[in-house]
Amino acid sequence: MSPRLTSAAFAAGGVLFLLYIALRPAGDDAAAMASTAWVAGHAAAMAGFILLGVAVLGLHQALGDRLSLRAAVLTWIGAGLTLPYYGAEDFGLNVIAQRSLRDGTPALMELAEQFRFGAVPVGMFAGGLVLLAAGTVMAAVAVWRSGVLPRWSGVVLALGFVLFIPQFFGPYPLRVAHGVLVMVGGLWAAAALWRNTARPALR
């Protein structure tokens with residue numbers, strides 16, 4: 001994959017993670033989950049995870065070292081573990097919430113809670129996000145050591161994924177700030193790659 005396509009993947013992925021939290025309703029009640037905005041926001045996040053995997057793989061192709069390869073592997077596995085949870089949150093909870101509102105049966109929302117806090121889905125979700133954090137940190141270290149890209153160009157994105165789990169426990173404005181952080185990290189990595197497309201190491 002060319003450095004410019006990798007750059008585009010980093011940039012688009014970063015923007016999608018901001019759109020995720022900007023589009024997603026602030027609440028977690030039936031009205032929020034039943035909305036089109038809930039579906040759109042979570043769909044943006046899923047696309048963002050996919051593009052992150054593509055981008056880190058492209059970064060490895062640009063750097064060509066073992067550490068960036070390990071980063072790509074961890075990122076792909078992490079995204080694979082995370083996406084099923086997001087898919088169920090997006091489509092499954094949306095259907096449950098719509099039915100709950102339509103039939104006037106708030107008790108149906110207990111199904112949403114059973115899924116969201118079930119041991120297996122939460123374990124896969126948390127494990128996936130931990131691997132994504134590890135993958136982006138390894139990618140940032142690979143960039144730092146490479147001498148090909150500016151040293152700090154991978155750090156902000158890695159920080160965003162290290163903070164991905166903690167931000168779930170913060171208020172909505174903090175979650176929006178986290179989305180901005182991930183977007184800035186993606187755009188910074190994208191800009192660094194774009195500026196270096198003419199360098200021999202990136203051809």
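The largest pocket has a volume of about 480 Å³, a volume being the space filled by probe spheres set on grid points that are joined across faces, edges and corners. A pocket is an open set of points on a 1 Å grid over the protein atoms alone, where a 1.4 Å probe fits, with protein on both sides within 12 Å along at least five of seven lines. The model is predicted: local features need pLDDT of at least 70, side-chain atom pairs count only at pLDDT 80 or more, and totals for chains, interfaces and linings use all residues. Residues are numbered from 1 along each chain as its sequence is written, and side-chain values use heavy atoms, without hydrogens and water.

The pocket is lined by 19 residues, of which Tyr85, Arg116, Phe117, Phe125 and Phe168 are the closest to its centre; a lining residue has an atom within 4 Å of a point. Helix H4 (66–103) and helix H6 (119–146) each supply at least two lining residues, and H6 gives the most, with 4. Helices are DSSP runs (H or I, at least four residues), numbered from the N terminus.

The largest nonpolar core holds 39 residues, and Phe10, Phe49, Tyr86 and Phe161 touch the most other members. Such a core is a set of buried Ala, Val, Leu, Ile, Met, Phe, Trp, Tyr and Cys residues joined through side-chain atoms within 4.5 Å, where buried means under 20% relative accessible area (1.4 Å probe, protein chains only). Helix H3 (36–63) is among the elements that give two or more residues to this core, and H3 gives the most, with 10. A second, separate core of 9 residues includes Ala34, Trp38, Ile96 and Met109.

How values were computed
Buried < 20%, exposed > 50% of the residue type's maximum accessible area, 1.4 Å probe, protein only.
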